[in-house]
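Reader: I'm new to reading protein models. Could you walk me through this one, a question at a time?

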Amino acid sequence: MNKTTLTTLLLTIFFSLNLVAQNTYFVKVGGNNSGGLTEENAFTTVNNAVVAASDGDTITIVGAINQTGQVGIGKSISFVGQSNATITGASARMYVINTAGKTISFTNITFQDADSTNPGAVFTITQNSDLTLTGCILKNNTSTVNGGAILAGGTGVITITNSLFDGNSANRGGAVAVTSAGRQLIVTGSTFVNNTAT
């Protein structure tokens, strides 16, 4: 085997090993927590699905679920809602994007009733990563500090499309608080109503 052929073979093996199949995990009330790869075997918490997922995977939220604690997201994951997906919060912030260089998206999910003493009752993103919300509803979320629904610092882009922010409140930024000059906020086709800042 000549040198060129060996190099080509090694490169082919290398790239083949790096083309890992992307998975879709499910989160649903009544799931049995058996791997999460089907609705029947769904995880019962978003956190369990995030732990199982890898960069490039999708997490499907089915129906209504309650979230009782904060979930750290340090991977590039797409969250997609089906069957009127609704995540109801408690007295905690819902999601913290805690790793730089990631792309996280949420589509067709309602986030409601998060009540936090931390900034950004639904999403806090202070790392240099991107967040996209499409067709989402964020309603009746409260932070006692900044960002009733979203607090964004660092650099990167937050893209909000065809979404509704209704009845969120905070000290500053009743719906969204952007705290750094390097963070871009792009909003299209979205409605902001009844959000308040003291």
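Predicted model: local features only at pLDDT ≥ 70, side-chain atom pairs only at ≥ 80, totals over all residues.

Reader: Then is K102 buried or exposed?
Author: The cut-off for buried is under 20% relative accessible area. K102 has 17%, so this lysine counts as buried.

Reader: Which residue does K102 meet in a salt bridge?
Author: K102 sits in the loop between strand 5 (95-97) and strand 6 (103-107). Its partner lies in the loop between helix 2 and strand 2 (58-66), 47 residues apart from it, so to speak in a distant part of the chain. With 2.9 Å from N to O, the salt bridge joins K102 to D55.

Reader: How many salt bridges does the structure hold?
Author: Besides the pair of D55 and K102, K28 forms a salt bridge with E39, with the closest N and O atoms 3.1 Å apart. K28 is in strand 1 (residues 24-28) and E39 in the loop between strand 1 and helix 2 (46-52), so this pair ties together parts that are 11 residues apart in sequence. Both ends are partly exposed, K28 at 28% and E39 at 27% relative accessible area. The count of salt bridges is 2.

Reader: What about the inside? How many residues does the largest nonpolar core have?
Author: Some residues stand out for having the most contacts inside this core, including F79, F106 and I150. F79 touches I59, I73 and I104, among others, even when residues up to four places away in sequence are not counted. The size of the largest nonpolar core is 40 residues.

Reader: Which residue's side chain is joined to T124 by a polar contact?
Author: T124 lies in strand 9 (residues 123-125), and at 5% relative accessibility this threonine counts as buried. Beyond its neighbours within four places in sequence, T124 is in contact with several residues, among them Y95, P119 and L151. The polar contact is 3.1 Å, and the side chain at its other end belongs to R93.

Reader: How far apart are the C-alpha atoms of G69 and S91?
Author: G69 is in the loop between strand 2 and strand 3 (71-73), and it is partly exposed at 30% relative accessible area. Leaving aside neighbours within four places in sequence, G69 is in contact with A92, R93 and M94. G69 and S91 are 22 residues apart along the chain, while their C-alpha atoms are separated by 8.1 Å.

Reader: Which residues form a nonpolar patch on the surface?
Author: One member, L185, lies in strand 18 (residues 183-188). L185 is partly exposed, with a relative accessible area of 38%. The patch has about 300 Å² of accessible area together, and its members are V178, L185, V187 and F192.

Reader: Let's zoom out. What share of the chain's residues count as buried?
Author: The chain has 2 helices and 20 strands. Its accessible surface comes to about 9,400 Å², with 52% belonging to carbon and sulfur atoms. Of the 198 residues, the share that count as buried is 39%.

How values were computed: Residues numbered from 1 in each chain as written. Heavy atoms only, no water. Salt bridge = Lys/Arg side-chain N within 4 Å of Asp/Glu carboxyl O. Helix = DSSP H or I, 4+ residues; strand = E, 2+ residues; numbered from the N terminus. Buried < 20%, exposed > 50% of the residue type's maximum accessible area, 1.4 Å probe, protein only. Core = buried A, V, L, I, M, F, W, Y, C linked by side-chain atoms within 4.5 Å. Contact = heavy atoms within 4.5 Å. Patch = residues over 30% accessible without salt bridge, like charges linked within 9 Å, V, L, I, M, F, W, Y side chains within 5 Å. Areas by Shrake-Rupley, 256 points an atom, 1.4 Å probe, with all protein chains shown as cover. Polar contact = N/O pair within 3.5 Å; in protein donor to acceptor, adjacent residues only side chain to side chain.
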